[in-house]
Amino acid sequence: MLTLGVRIVRRVSSTRAFARLAPHVVPALDRSVHRLSGGKYLVSGLMLPGVMLTATGARSGLPRRVPLACMPESGGTWVLIGSNFGRDGHPAWTANLLAHPDARIDWKGERVEVTARLLTGDEREAAWTAALRFWPPYATYQSRVTREIRLFRLAGRRP
């Protein structure tokens, strides 16, 4: 049974107004809370598990940090969903991972070195089905765009 708060957030997060406002507000709040909590928390983590991804910029070659919702999997992997809040265009962090798949995440206060892999075919389809069960608003995001939302699986690696 979903709490009233989760049902409300799911409904609100599916709106176009949220898609316009959230990319400007949520990451800024997440970065602040992450910094103040010593890397343990994200505001968005109240509703969905989240990580702070540090990846190398595809064009700049500089470290880029972005807070992201994630879908933790059994076995110590994570799936990142490049929904971009249902807006046109892939989020920049997906291009960064395509160009430089070795990255780092902050997960519950721990730094984890990871390698990202773009999911395709049946593997992507299975992860997408799981993502829709995990957070149904992803279906609304996909319905708004013509691009296929990118999904990445992150697996830990030794630094």
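Which residue stands opposite A116 in strand 7? It is L154, and that pairing is a handy way into this predicted model. Local features here need pLDDT of at least 70 and side-chain atom pairs count only at pLDDT 80 or more, while totals for chains, interfaces and linings use all residues. Residues are numbered from 1 along each chain as its sequence is written, and side-chain values use heavy atoms, with hydrogens and water left out.

Helices (H or I, at least four residues) and strands (E, at least two) are DSSP runs numbered from the N terminus, and two strands pair if DSSP finds at least two bridges between them. Strands of a sheet pair through backbone hydrogen bonds, either parallel or antiparallel. Here, 7 strands make an open sheet with antiparallel pairing, in the order 2-1-5-6-7-4-3. Strand 2 (63-69) and strand 3 (71-73) sit at the edges, each pairing on one side only. On average, neighbouring strands are turned by 30° against each other, direction ignored; axes are lines fitted to C-alpha atoms, for helices over the stretch in contact, and angles run from 0 to 180 degrees between N-to-C directions.

Now for strand 4. This strand is joined to strand 7 by 6 bridges, running antiparallel, and T77 stands opposite A155 there. Another 3 bridges join strand 4 to strand 3, again antiparallel, with M71 opposite V79. In the hairpin of strand 3 and strand 4, G75 takes a positive phi near 95°. Strand 4 is mostly covered, with 6 of its 6 residues buried (under 20% relative accessible area; exposed is over 50%, partly exposed in between, using a 1.4 Å probe and protein chains only). T77, V79 and I81 are buried on one side, and W78, L80 and G82 on the other.

What packs on this sheet? Helix 4 (residues 121-134) does, touching strand 3, strand 4, strand 6 and strand 7, where contact means heavy atoms within 4.5 Å. Helix 4 buries R124, A127, W128 and A131. Seen down the axis, these fall within an arc of 105°, so they line one face of the helix; the arc is that of the directions from the helix axis to the C-beta atoms. On the other side, D122 and R133 are exposed. The cover over the buried residues of helix 4 includes strand 3, strand 4, helix 5 (137-144) and strand 7.

The largest nonpolar core has 18 residues, of which V51, L53, W78, L80, W93, L97 and I105 touch the most other members. Such a core is a set of buried Ala, Val, Leu, Ile, Met, Phe, Trp, Tyr and Cys residues joined through side-chain atoms within 4.5 Å. Apart from it lies another core, of 13 residues, among them L48, L119, Y138 and L151.

Finally, there is G57, in the loop between strand 1 and strand 2. At 2% relative accessibility, G57 counts as buried. G57 and L97 are 40 residues apart in sequence, yet 8.3 Å apart in space, C-alpha to C-alpha.
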